[in-house]
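Here are a few notes to read alongside the structure, meant for someone opening it for the first time. Please follow the points in order with the 3D view at hand.

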Amino acid sequence: MDKKEDILETIVANKRREVASQKAAVPLAMLLSMGSGRLERPVVSMRTALERSPAGVIAEFKRRSPSKGWLHPGAKVEDVVPAYARGGAAACSILTDGDFFGGSFTDLQRARALTGLPLLRKDFIIDEYQLFQARVTGADAVLLIAAILTSNECRRLAQTAHSLEMEVLLEIHGEAELSHLNPHVDMLGVNNRHLGTFRTSVENSFRLAEQMQRHAGKLTDAPLLVSESGLADIETVHQLRRAGFRGFLIGETFMKTPHPGETLQAFIQKLTCDL
């Protein structure tokens with residue numbers, strides 16, 4: 001077995017311990033009391049931003065990954081996120097996992113103070129407590145990963161996110177996980193990176209596009225389609241748009257460069273110029 005085969009299991013086990021510790025240190029009632037004012041902040045629709053954007057890029061702030069190691073260890077939110085906004089990003093994804101991705105809640109809070117773009121809390125969400133954390137720290141949307149949830153858990157978490165006025169991006173990797181789709185999902189994403197092995201293939205998006213649209217079409221309000229990970233080629237993004245995708249979550253392509261915001265801007269300029 002590849003040494004990376006069990007990385008998702010390792011991450012989720014660690015996340016369960018982490019969330020239990022956080023709940024013990026700051027019970028939900030205390031969390032809500034501390035962040036009561038922030039709960040009144042109007043959220044920004046990530047789905048609408050993607051629908052209206054000619055590029056549809058969700059630019060990700062990520063210092064490291066389990067597969068590539070450190071991408072940009074000294075990256076600061078105050079340098080990168082405003083540059084993403086100036087460069088034309090439709091939304092920003094902020095990693096809040098510390099142990100495996102080098103992120104933190106402080107990153108999300110700082111990003112919220114620096115931009116009006118919709119912010120996605122990207123983490124391994126397994127507990128409703130994490131949704132309240134996301135709302136209090138400034139998220140407009142949350143990622144739910146089908147691979148780590150049952151369909152019932154996914155529905156419950158998505159419904160809770162909506163009750164907190166946040167949108168939901170449901171991430172799948174294979175056709176079987178489309179069973180997790182429910183009416184509370186605003187965006188349906190396919191991860192081109194397998195979360196068990198961390199191997200990446202953009203063909204996964206093309207392979208699943210038709211099935212995703214067919215399942216999404218069964219809902220009254222069909223979710224917007226998002227392709228995630230492994231996106232670096234302009235022509236590939238054009239092909240994905242023709243296949244029905246309107247959102248493109250891109251992190252490493254930008255974060256591995258010295259100036260992620262400038263790299264994003266050049267990418268979007270070329271992308272929209274070719275439209």
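1. Helix α8 covers residues 203-216, which makes 14 residues. From its first C-alpha to its last it reaches 20 Å, close to the 20 Å expected at 1.5 Å a residue. Do keep in mind that this is a predicted model.

2. Now look along α8 for a bend: there is a kink of about 45°, centred on Ala-209.

3. In soluble globular proteins, nonpolar side chains tend to be buried together.

4. Turning to charges, how many salt bridges does a search of the whole structure find? The search finds 18. In one of them, Asp-123 pairs with Lys-15, with the closest N and O atoms 2.8 Å apart. Asp-123 sits in the loop between β5 (119-122) and α6 (128-137), while Lys-15 belongs to helix α1 (residues 7-25), so the pair links distant parts of the chain, 108 residues apart. Are these two buried or exposed? Asp-123 is buried, at a relative accessible area of 2%, and Lys-15 is buried too, at 0%. Both also belong to a network of salt bridges that takes in Glu-18, Asp-97 and Arg-121.

5. Lys-122 and Glu-60 form another salt bridge, at 3.0 Å from N to O. Lys-122 is in strand β5 and Glu-60 in strand β1 (residues 57-61), 62 residues apart. Both are buried.

6. Finally, please look at Asp-140 and Arg-112, whose side chains meet in a salt bridge of 2.6 Å, N to O. Asp-140 lies in the loop between α6 and β6 (141-145) and Arg-112 in helix α5 (residues 105-114), so the pair ties together parts 28 residues apart in sequence. Asp-140 counts as buried at 0% relative accessibility, and Arg-112 counts as buried at 15%, because buried means under 20%.

Technical notes
Residues are numbered from 1 along each chain as its sequence is written. This is a predicted model: local features need pLDDT of at least 70, side-chain atom pairs count only at pLDDT 80 or more; totals for chains, interfaces and linings use all residues. Side-chain values use heavy atoms; hydrogens and water are left out. A salt bridge is a side-chain nitrogen of Lys or Arg within 4 Å of a carboxyl oxygen of Asp or Glu. Helices (H or I, at least four residues) and strands (E, at least two) are DSSP runs, numbered from the N terminus. Buried means under 20% relative accessible area, exposed over 50%, partly exposed in between (1.4 Å probe, protein chains only). The expected span of a helix is 1.5 Å times one less than its number of residues. The bend at a residue is the angle between axes fitted to the seven residues ending there and the seven starting there.
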